[in-house]
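My notes follow the model.

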Amino acid sequence: MKKSLQNLFPLLSLGLLPICSLIYDWVNHPGSEVHNLATTVDRNIPFSAVFIIPYLLWTLYIYGTLIYFYFKDKKTYFKTLFVYIAGLLVCYTVYSLFQTTVPRPLVAGSSFLESLVNRVYEMDAPYNCFPSIHCFSSYLLVRVMRKAPFSTTWNRSMITYFSVIIIVSTLMVKQHVILDVFAAFLLAETLCFVSERNWSPSVKSKPIPSSTKEISH
């Protein structure tokens with residue numbers, strides 16, 4: 001029992017995520033200049049309240065997948081958590097220097113889904129958009145799974161499916177625009193590249209057995 005608890009102790013490192021999220025609220029307000037990065041394509045993307053469901057399930061998905069990584073391969077877990085936190089700090093820095101906003105539609109309906117959308121709008125000010133943390137973290141999981149030692153067709157497909165749905169949801173509920181998504185992808189790729197260059201174990205040549213003698217000609 002004691003050993004089992006000790007094995008679970010490293011999962012407490014997930015507590016760093018809600019601590020980091022405190023910075024999100026601190027910078028989630030308009031600065032001296034706020035930019036609107038919406039394009040014609042964004043304006044033509046229809047609003048769909050049903051996508052608020054995967055949008056809200058994002059937190060559960062991220063934590064659940066990280067826990068799954070932990071039990072499959074601790075190195076992958078810590079590497080992903082490190083990149084995730086680094087990405088959050090980069091996003092918060094960008095928000096503080098380059099604040100953007102996304103025009104939101106007027107949701108006048110009273111259905112359950114529409115009420116959820118309005119609740120999200122009330123709780124989350126329309127800033128802190130570029131890059132999208134939802135998209136960065138979702139894409140990061142896909143990126144990690146491609147090279148994870150426990151990668152299979154099944155788990156790659158499942159993570160890709162849920163990540164894509166969440167990424168699409170950010171556009172369908174008008175929380176983000178396309179440039180927010182692409183910036184998130186670029187951030188994830190950059191940080192993964194850096195981590196793979198500096199975290200991957202070095203390949204060492206096998207030592208030559210002492211019994212082996214050099215043959216002279």
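I began with the length of α5. Its 15 residues, at 1.5 Å a residue, should span 21 Å, and the end C-alpha atoms are 21 Å apart, so the two agree. The expected span is 1.5 Å times one less than the number of residues. Helices here are DSSP runs (H or I, at least four residues), numbered from the N terminus.

This is a predicted model: local features need pLDDT of at least 70, side-chain atom pairs need 80 or more, and totals for chains, interfaces and linings use all residues. Residues are numbered from 1 along each chain, and side-chain values use heavy atoms, without hydrogens or water.

Then I turned to S138, which lies in helix α8. S138 is buried, with a relative accessible area of 0%. A polar atom of its side chain lies 2.8 Å from the backbone oxygen of H134. I also listed contacts (heavy atoms within 4.5 Å). Beyond four places in sequence, S138 touches W58, Y61, I62, S163, I166 and I167.

Last came the largest pocket. A pocket is an open set of points on a 1 Å grid where a 1.4 Å probe fits, with protein on both sides within 12 Å along at least five of seven lines; lining residues have an atom within 4 Å of a point. I noted 30 lining residues, with Y24, W58, T59, D124 and H134 nearest the centre. α2 gives the most to the lining, five residues.

Technical notes
Helix = DSSP H or I, 4+ residues; strand = E, 2+ residues; numbered from the N terminus. Buried < 20%, exposed > 50% of the residue type's maximum accessible area, 1.4 Å probe, protein only. Polar contact = N/O pair within 3.5 Å; in protein donor to acceptor, adjacent residues only side chain to side chain.
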